Amino acid sequence: MENQQQDRSIISDQIKVNGNLTSLTLTTEGKLQWTTEEGQQSLTVEKEVLGFIIQGSKIIIKAVTEKRDGICSFGSAGGGALVRKNFVFEPLSDESLHLWCQHLRDYINSLGRPKRLFILVNPFGGKKSALKIFFDVVKPLLEDAEVQFTVQETKYQLHAKEVVSTMDLSKYDGIVCVSGDGILVEVVNGLLEREDWNVAIKMPLGMVPAGTGNGMVKSTLDSAGEPCTTSNAVVAIIRGHKCSLDVATILQGDTKFFSVLMLAWGLVADIDIESEKYRWMGSARLDFYGLQRMLSLRQYSGRISFVPAPGFEAYGEPTRYNGEFASKHSINPGQEQPVKAEQYSYQGPDVDLTNLEWRTINGPFISVWLHNVPWGGDNTMAAPDAKFADGNLDLILIKDCPKLGLLALMTSLSNGGHVKSPHVLYLKVKAFILEPGQLTKDPTRGGIIDVDGEVLARGNGTYKHGQKTLMAYDKLQITVDRGLATLFCPVQQ
């Protein structure tokens with residue numbers, strides 16, 4: 001009975017494929033099935049069919065198929081990069097042609113796919129290839145799927161934030177970033193600064209990898225077992241499946257910043273930011289400078305406090321939340337003055353931190369790393385247990401570690417094996433306070449606080465320490481709003 005249910009057809013008729021007569025069926029399960037000389041063939045409309053066009057008496061199905069070792073295959077389950085492929089069917093009459101088009105259109109429309117997208121392209125990120133990626137891959141796939149789109153190139157830092165903070169969102173079904181993670185972060189901050197933030201933040205956000213760091217799109221595709229390729233990312237957006245995403249509010253005095261990827265202080269932040277001086281080396285700069293930093297290892301004094309997620313209450317020592325999360329007297333001359341948040345914008349999660357069970361760990365620290373999603377970049381599985389919308393941040397903490405052990409630990413970042421090291425403390429937290437300190441070997445020098453790949457704060461004596469930053473190198477607080485934002489993703493989560 002179950003097989004009979006699955007095999008029920010919406011429409012079935014004789015058609016021609018490559019001049020040969022065969023039977024074509026569209027099932028209630030959304031499968032197009034037909035027979036050729038090679039045997040039984042099928043396409044899953046939801047997964048593989050983008051759209052179709054009529055050319056004379058023929059229907060041309062625009063689809064994507066998996067490419068494995070130079071061979072295209074379809075009707076199989078996940079694992080390969082996707083390539084475009086056309087399938088040509090010729091009904092035997094005008095009436096049949098009309099019926100097929102009607103049923104195909106109705107089925108595709110029932111899937112709830114986006115019809116209008118606003119696309120932000122960052123031509124400066126990564127290898128500066130975003131425009132080429134858009135024209136070579138993104139545009140053709142969207143056109144195959146009959147998705148209308150408006151394109152905006154970003155011209156300068158925070159341009160994307162400015163655009164989304166004032167644009168008419170009612171014209172679109174989603175915002176897509178052809179970039180690294182930085183533009184996505186700008187978009188989230190722009191949406192949350194709007195007067196209608198509670199509606200705006202529900203706008204589905206899509207990522208197409210075109211930057212140095214592609215941690216968010218890598219995380220979404222990897223969660224479905226799909227490779228992090230441009231075509232897979234675009235097709236995930238076209239399919240229209242969505243998942244929720246936690247948003248972290250970083251607060252210092254009256255200054256706020258909204259994070260979706262990670263916060264780093266210590267070794268990881270130093271490597272990420274200071275290696276910019278070797279940007280001419282490409283992605284190899286991270287490995288090259290990372291080795292330098294490990295050979296000349298830094299430790300920072302300081303303290304962290306956190307509210308542990310269930311199951312992690314044994315870590316650290318009990319402490320109390322005192323409600324003071326910023327020093328208002330420590331802004332250095334190069335510091336941007338805090339801007340008072342407009343009250344009509346998002347103010348962060350409504351949670352009473354005083355009544356939670358806080359724990360604390362004192363330094364010195366080699367690295368403090370908070371992650372919202374599993375991957376920090378294409379090859380960095382920072383937090384293998386991280387979930388998109390569990391209301392927690394994953395804390396990866398290193399207090400002390402011999403240099404050889406640290407080298408082994410860092411080389412296992414690509415598969416998440418570093419969290420199994422005895423030198424790593426890995427736990428989940430619901431709220432977090434960072435009190436960054438100075439270098440243990442040079443108390444006149446501080447460190448760098450890196451949020452989502454950008455410098456949030458710099459201490460004295462750090463790389464480019466004279467440049468303005470949003471926050472002071474001082475105490476800051478992080479809280480999490482569970483599932484606040486929405487992402488396009490390969491499968492419904």
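## Charges over rings

In this predicted model, K218 lies over the face of W375, at a distance of 4.5 Å from the ring centre.

## Aromatic pairs

Across the whole structure, a search finds eleven aromatic pairs. One of them joins F134 and F135 in an edge-to-face arrangement, with 5.1 Å from centre to centre and 75° between the planes. F134 counts as buried because its relative accessibility is 3%, under the 20% limit, whereas F135, with a relative accessible area of 49%, is partly exposed.

W265 and F365 form an edge-to-face pair too, since their ring planes stand at 65° and the centres are 6.0 Å apart. This pair links distant parts of the chain, 100 residues apart, with W265 in strand β15 (residues 262-266) and F365 in the loop between β18 (358-362) and β19 (367-371). Both W265 and F365 are buried.

## Packing of two helices

Helix α4 (residues 130-144) and helix α9 (residues 230-239) have axes that come within 10 Å and cross at roughly 35°, and the crossing is right-handed. From α4, the residues I133, V137, V138, L141 and L142 meet T230, S231, V234, V235 and I238 of α9. Sorted by class, this contact of α4 with α9 comprises eight nonpolar residues and two polar ones, with no charged residues.

Conventions. Residues numbered from 1 in each chain as written. Predicted model: local features only at pLDDT ≥ 70, side-chain atom pairs only at ≥ 80, totals over all residues. Heavy atoms only, no water. Axes fitted to C-alpha atoms, helices over the stretch in contact; angles between N-to-C directions. Helix = DSSP H or I, 4+ residues; strand = E, 2+ residues; numbered from the N terminus. Left-handed = near helix turned anticlockwise from the far one by under 90°. Contact = heavy atoms within 4.5 Å. Nonpolar A, V, L, I, M, F, W, Y, C, P; charged D, E, K, R; others polar. Phe/Tyr/Trp six-rings, centres within 6.5 Å; stacked < 30°, edge-to-face > 60°. Buried < 20%, exposed > 50% of the residue type's maximum accessible area, 1.4 Å probe, protein only. Lys NZ or Arg CZ within 6 Å of the ring centre and 35° of its normal.
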